[in-house]
Amino acid sequence: MNMKKTIISLFLFAIACNSYSISPVDYENDLYGVEVGYVNKQFVTRFPNGETFHEDLFGREDHFLHGMQLGAYYQPMINNIFGLRTGLYWEQYFSSGESMGYDSFTEGNIYIPLNAVVTIPIKETIAINLLGGISMNYIVFGELSSRDEYWDNNYENYVPLLWINDLYNSRYESEYLHYGQDGWPGRFNAQYEFGLRVRIDGLSIRGTYSRGVTNHKFYWDENQRLRTRERKLTISIGYIF
């Protein structure tokens with residue numbers, strides 16, 4: 001309830017700022033841009049007794065998958081207050097865990113947001129954007145890599161230039177995850193999200209929090225109807241064209 005009151009208050013403040021012509025924002029110069037930043041995600045399962053279990057992709061409690069997000073956005077404004085925001089982003093996640101039976105993990109996926117924008121003007125080239133809407137992710141690949149112990153034990157000492165040529169790749173064995181099978185989450189994830197963006201001249205800082213609506217069925221039970229959903233946090237910096 002407090003969150004709803006805060007959002008409504010900020011929304012009314014944005015309208016008041018524009019109604020009294022407090023430094024109208026030059027929104028035409030904030031139409032396109034690129035962003036790069038940090039992103040993490042976690043899976044949350046809620047049980048019938050109200051308890052929740054937070055884990056990463058490999059079942060480690062209270063762990064996150066960490067990565068980077070890179071992409072471009074398009075933000076057309078209807079007027080000084082209201083607009084839309086979308087874009088196309090690439091997210092790359094990384095992990096390592098010898099205790100889990102692998103040396104490294106890499107996951108790449110596509111992220112597309114569709115947000116409403118409410119602007120709070122400060123000066124002509126300084127403004128705060130309130131963001132809220134939906135988004136989707138689609139996992140393109142997930143790869144587990146493990147060191148080839150046979151190669152290490154028998155050949156490593158005989159190839160001194162191994163570290164600087166293409167044969168280096170042969171020292172690892174890779175396995176691609178079968179998303180949507182064998183207990184792994186599905187490739188597609190839909191979510192609703194909200195965020196805050198600050199624009200200062202040609203630069204911006206954005207924070208976005210997403211809560212998934214897609215059930216990934218980690219612990220699916222026909223009787224209990226357990227649901228596992230994804231949560232994600234993004235912090236990025238941007239350059240405005």
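1. The protein chain holds 2 helices and 10 strands, where helices (H or I, at least four residues) and strands (E, at least two) are DSSP runs numbered from the N terminus. Read from the N terminus, their order is α-β-β-β-β-β-β-α-β-β-β-β.

2. The model is a predicted one, in which local features need pLDDT of at least 70 and side-chain atom pairs count only at pLDDT 80 or more, while totals for chains, interfaces and linings use all residues. Residues are numbered from 1 along each chain as its sequence is written, and side-chain values use heavy atoms, with hydrogens and water left out.

3. Of the 241 residues in the protein chain, 39% are buried (under 20% relative accessible area, with a 1.4 Å probe and protein chains only). Among contacts (heavy atoms within 4.5 Å) with a separation of 6 or more, 67% join residues 24 or more positions apart.

4. The protein chain exposes about 13700 Å², of which carbon and sulfur atoms supply 60%; the area comes from the Shrake-Rupley method with a 1.4 Å probe.

5. The second largest pocket contains about 180 Å³ of space. β1 (32-46), β9 (203-212) and β10 (227-240) are the elements that give two or more residues to its lining, and the largest share, 4 residues, comes from β10.

6. The lining of the second largest pocket divides into 2 nonpolar, 2 polar and 6 charged residues, and among its members are Val44, Thr52, Tyr192, Gly212, Glu230 and Arg231.

Key:
1 Å grid on protein atoms, 1.4 Å probe; cavity = no way out; pocket = protein on both sides within 12 Å on 5 of 7 lines; lining within 4 Å. Points joined across faces, edges and corners; volume = space filled by probe spheres on them. Nonpolar A, V, L, I, M, F, W, Y, C, P; charged D, E, K, R; others polar. Buried < 20%, exposed > 50% of the residue type's maximum accessible area, 1.4 Å probe, protein only.
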